[in-house]
Amino acid sequence: MSTLKKGIFLVGDILIYYMALAVMLLVRYQNLNTFKEGFSVHVVPFSAIIIIWALAFYWNGLYEYRAFGNRAWLFKALSRAIAIATAGSIIAFYLFPKFFALTPRANLFIFATIFLLFSYIWRMVALRFSTSGALNVIVVGASPLTEELVAHIKENGHSDYRIVEWLRDPNKNALETLPSLIREKNAQLVVMQQNLAKNFSALRSIYKLLPLEVSVIRFSDFYEGVFEKAPLKELEEGWFIDNISTRRPVYDTLKRVSDVVIALVAFVILFVPGLVIAILIKFSSRGPIVYTQDRTGKNGKKFTIYKFRTMRTDANGPAWTEKNDMRITRVGALLRFTHLDELPQIINILKNDISLVGPRPESTELSAQYERFPYYDIRHVIKPGLTGWAQVRYKPSASFEEAYEKLCYDVYYIKNRSAFLDLMIFVRTVKYLFTSYTS
């Protein structure tokens with residue numbers, strides 16, 4: 001979904017939020033004077049917790065295009081998000097009772113029920129307009145990734161795109177029919193397969209489409225927009241030269257400053273919990289408290305990463321952690337589930353080995369094996385991170401195929417990295433503190 005549409009739905013949710021608050025007070029008090037008094041009492045506390053509700057919606061995928069393709073999924077996601085937001089609001093009420101001096105607390109549950117109903121209706125109405133506003137797309141050219149993308153959009157739907165025609169074999173005769181096909185299908189977008197850029201005849205035919213006021217984009221850009229990852233199997237060196245920048249001075253400086261500030265604050269807040277974890281590790285199993293390992297950093301430079309030890313020191317096994325891995329200790333299982341084993345990496349951030357957000361650094365052993373992947377070295381042109389786009393969009397890799405899939409997400413991040421994307425990754429990472437890293 002485009003950033004503009006996400007913004008529209010966020011604004012709509014905020015309006016629905018205050019509308020639900022007003023309706024709740026009318027239902028509760030049924031008197032105009034009491035309503036005015038109640039609204040003035042409730043509006044400030046409810047405005048303070050609106051961030052909790054917005055985060056719950058974001059964490060549950062309600063600002064992604066898939067939220068508008070399946071009504072059953074939408075209702076479940078809305079119910080889950082509102083349940084999380086309600087629980088978070090209750091915690092806030094009890095932590096700050098003087099500020100949230102609202103009585104009775106039952107108002108919150110009435111509000112949540114009304115908000116669920118209004119949100120579902122609002123999104124159902126928005127679904128019709130969103131679908132009707134989708135661009136009609138003609139795809140020109142074929143490949144395994146094209147097959148995957150076209151099938152995905154046709155099976156799952158998309159709020160921004162509708163595939164109306166697919167020219168699998170873009171020969172000269174087929175390309176000559178494009179103008180009439182565009183008029184017939186009322187197409188607004190033509191997606192051009194990568195290899196057509198080398199075909200002068202094909203480029204000439206597509207060039208003639210411009211007067212028809214149709215947009216033409218490369219398949220790689222279209223694929224990125226739909227899946228939010230790079231189509232590595234169909235890219236060549238020229239794409240990286242055109243799209244990958246290794247230096248962004250202002251962004252890099254601001255990112256380093258924010259890394260240091262956040263790491264120092266986290267160190268102070270988590271120092272005592274860290275000591276408790278260290279004691280538990282020491283007395284629960286033999287071995288060092290902190291586990292160290294050589295990792296590959298920026299420009300291929302090796303550095304030592306720090307983690308709380310979660311495995312027995314006498315255990316051997318594969319480089320990847322497996323499900324129900326017998327090497328993991330009981331305390332280690334808890335630390336991995338909550339991701340608290342990563343706490344010592346605050347030191348790595350302060351040492352400038354890693355950033356808060358970036359491609360996750362691999363062990364030097366795995367990194368050497370992953371060199372078999374084309375363009376794997378690209379993930380080393382920037383500093384690695386404590387968390388990253390691949391971590392919040394895909395599951396932990398347990399095979400070469402899954403590691404390659406994560407590389408596609410890492411390259412997407414490197415190309416599109418920004419302060420806003422870093423913030424979104426950081427916010428989404430909070431969701432996974434007590435769950436697995438899956439999208």
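This is a predicted model: local features need pLDDT of at least 70, side-chain atom pairs count only at pLDDT 80 or more; totals for chains, interfaces and linings use all residues.

These entries record what I looked up, beginning with the sheet and ending with the nonpolar cores.

I then looked up the strand order and found an open sheet of four strands, ordered 2-1-3-4, with parallel pairing. At the edges I found strand 2 (161–167) and strand 4 (215–218), and because each has a single partner strand, one side of each is left without a neighbour in the sheet. I also noted the twist, which averages 25° from one strand to the next.

Entry 2, strands 1 and 2. I followed strand 1 (residues 135–140) alongside strand 2 and found that the two run parallel, joined by six bridges. In this pairing I noted that leucine 135 stands opposite tyrosine 161 of strand 2. I next looked up helix 6 (residues 144–156), which lies across strand 1 and strand 2 and runs at about 135° to strand 2.

Which residues touch the most other members of the largest nonpolar core? I found that they are Leu232, Phe240, Trp389 and Tyr413, in a core of 39 residues. I traced the largest share of this core, nine residues, to helix 17 (residues 400–416). For tryptophan 389 I listed contacts with Glu228, Tyr409, Tyr412, Tyr413, Leu421 and Ile425, leaving aside residues up to four places away in sequence.

Terms used:
Residues are numbered from 1 along each chain as its sequence is written. Side-chain values use heavy atoms; hydrogens and water are left out. A nonpolar core is a set of buried Ala, Val, Leu, Ile, Met, Phe, Trp, Tyr and Cys residues joined through side-chain atoms within 4.5 Å. Buried means under 20% relative accessible area, exposed over 50%, partly exposed in between (1.4 Å probe, protein chains only). Contact means heavy atoms within 4.5 Å. Two strands pair if DSSP finds at least two bridges between them. Axes are lines fitted to C-alpha atoms, for helices over the stretch in contact, and angles run from 0 to 180 degrees between N-to-C directions.
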